[in-house]
Amino acid sequence: MLHGRSQVLIVSADPHPVRRLRALLAELNCDLSVATSRDEALAALTAEPHRFDAVLLELSMPNEDASAFVSRMKANPAWAAIPVILQSAA
């Protein structure tokens, strides 16, 4: 956690849940980053492997497999302890 605030990475291609999550997490004093694809999320994690305290992952994204993404995260020692919360816009 940087500066006493939780750092959350939201991974979603749909802007509607991102807006809702941004409003909710702002109330909880969290700093947010948004990735619109899983590749973009992996790039953010690679660039700053110890930055994020949690990842909120959209379960259903076109042409992308959530379980493969979580497996890649958990296989990397730098990211293995980061909690991943699966969410659905539905």
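## Exercises on a predicted model

Asn29 is partly exposed, at a relative accessible area of 39%. Keep in mind that this is a predicted model, with an average pLDDT of 87 for the protein chain and 94% of the residues scoring at least 70.

**Exercise 1.** Work out where Asn29 lies and what stands out about its phi.

*Step 1.* Find the loop between α1 and β2; Asn29 sits there.
*Step 2.* Check the backbone: phi of Asn29 is near 65°, a positive value in a residue other than glycine.
*Step 3.* Now the surface. Buried needs under 20% and exposed needs over 50%, so Asn29, at 39%, lands in the partly exposed class.

**Exercise 2.** Describe how β1 and β2 are arranged, and say which handedness the unit with α1 has.

*Step 1.* Take strand β1 (residues 6-11) and strand β2 (residues 30-35): they pair in the parallel sense, over six bridges.
*Step 2.* Pick out a pair of residues: Gln7 is opposite Asp31 in β2.
*Step 3.* Trace β1, α1 and β2, and you get a right-handed β-α-β unit.
*Step 4.* Glance at the confidence: it's lowest in helix α1 (residues 15-27), with a mean of 82, and highest in helix α2 (residues 38-47), at 94.

**Exercise 3.** Find the salt bridges and say how exposed their partners are.

*Step 1.* Count them: there are two salt bridges.
*Step 2.* Start with Arg5 and Asp31, whose side chains meet at 2.8 Å, N to O. This pair links distant parts of the chain, 26 residues apart: Arg5 is in the segment before β1 and Asp31 is in strand β2.
*Step 3.* Move on to Arg51 and Glu48, where the closest N and O atoms are 3.1 Å apart.
*Step 4.* Arg51 is partly exposed at 24%, and Glu48 is partly exposed at 38%.

Conventions: Residues numbered from 1 in each chain as written. Predicted model: local features only at pLDDT ≥ 70, side-chain atom pairs only at ≥ 80, totals over all residues. Heavy atoms only, no water. pLDDT = per-residue confidence, 0-100. Helix = DSSP H or I, 4+ residues; strand = E, 2+ residues; numbered from the N terminus. Pairing = 2+ DSSP bridges. Right-handed = clockwise from strand over helix to strand, strands pointing away. Buried < 20%, exposed > 50% of the residue type's maximum accessible area, 1.4 Å probe, protein only. Salt bridge = Lys/Arg side-chain N within 4 Å of Asp/Glu carboxyl O.
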